[in-house]
Amino acid sequence: MPLVRISHAAGKTTAFAEALSKGVHDAMVETFNVPKDDVFQVLTDHGAGLRVTPSFLGIDHGPEPVFIQITCSEGRSVDQKKALFAGIASRLAAEPGVPADDIIINLVETKRENWSFGRGLAQYA
C-alpha cells in the first residue's frame, strides 16, 4: 500500500520509466513485505524542474537525479529501511543504469488511519 512518487529527467524512454517502477516495487516486495500486486505509483518526468546539490555528504550528484518518495504506514525497522534503500539503488543501477549516487530516496511514514483507497472510506480506521 505504499504510495511511490518517482521523478526523473525528461526525454527518457518508456522502458526507462518502467524499469524505475519495477526496480522500486521489487525492492519494496523483498524488503518491506509489500504484496506483489500492491502497486500505487506516480511517475513524472521533468524538464528543467529537477535540482540537486552537486555534492552532499561526500556524494557527487550528476545532472539527472532520480528522486523517489515513498509514503507508507509506520512500523518498519531501521534495518528494513536500510535494506530498502540499498535494494532500490542496486536495482536501478543495474536496470535502467542510474548511477547509485544519483538515486535520492525519501521515506515518509504515516499512521494507517490516514489512508483512503477509494470511495472516500478510511479502510484502516
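In this predicted model, helix α1 meets helix α2 through Ala19, Leu20, Gly23, Val24, Asp26, Ala27, Met28, Glu30, Thr31 and Phe32, and the partners on the α2 side are Gln80, Lys81, Ala83, Leu84, Gly87, Ile88, Arg91 and Leu92. By class, this contact comprises 10 nonpolar, 4 polar and 4 charged residues.

Two packed helices are described by the angle between their axes and the distance between the axes. Here, the axes of α1 (residues 14–32) and α2 (residues 78–94) come within 9 Å and cross at roughly 150 degrees. Angles over 145 degrees count as roughly antiparallel, and α1 is therefore roughly antiparallel to α2. The crossing of α1 past α2 is right-handed.

| Residue | Residues in contact |
|---|---|
| Val24 | Val4, Ile6, Ile68, Ile70, Ile88, Leu92 |
| Ala27 | Phe32, Leu84, Gly87, Ile88, Arg91 |

Ala27 lies in helix α1 and is buried, with a relative accessible area of 0%. Between Ala27 and Val39, the separation is 12 residues in sequence and 12 Å in space, C-alpha to C-alpha.

The largest nonpolar core contains 20 residues, and Val24, Ile68, Ile70, Ile88 and Leu92 have the most contacts inside it. At least two residues of this core come from each of β1 (3–9), α1, β5 (66–73), α2 and β6 (103–110). Helix α1 gives the most to the core, with 6 residues.

Key
Residues are numbered from 1 along each chain as its sequence is written. This is a predicted model: local features need pLDDT of at least 70, side-chain atom pairs count only at pLDDT 80 or more; totals for chains, interfaces and linings use all residues. Side-chain values use heavy atoms; hydrogens and water are left out. Axes are lines fitted to C-alpha atoms, for helices over the stretch in contact, and angles run from 0 to 180 degrees between N-to-C directions. Helices (H or I, at least four residues) and strands (E, at least two) are DSSP runs, numbered from the N terminus. Angles under 35 degrees count as roughly parallel, over 145 as roughly antiparallel, 65 to 115 as roughly perpendicular and the rest as oblique. A crossing is left-handed if the near helix is turned anticlockwise from the far one by less than a right angle, and right-handed if clockwise. Contact means heavy atoms within 4.5 Å. Ala, Val, Leu, Ile, Met, Phe, Trp, Tyr, Cys and Pro count as nonpolar, Asp, Glu, Lys and Arg as charged, and the others, Gly among them, as polar. A nonpolar core is a set of buried Ala, Val, Leu, Ile, Met, Phe, Trp, Tyr and Cys residues joined through side-chain atoms within 4.5 Å. Buried means under 20% relative accessible area, exposed over 50%, partly exposed in between (1.4 Å probe, protein chains only). Lists of a residue's contacts leave out its neighbours within four places in sequence.
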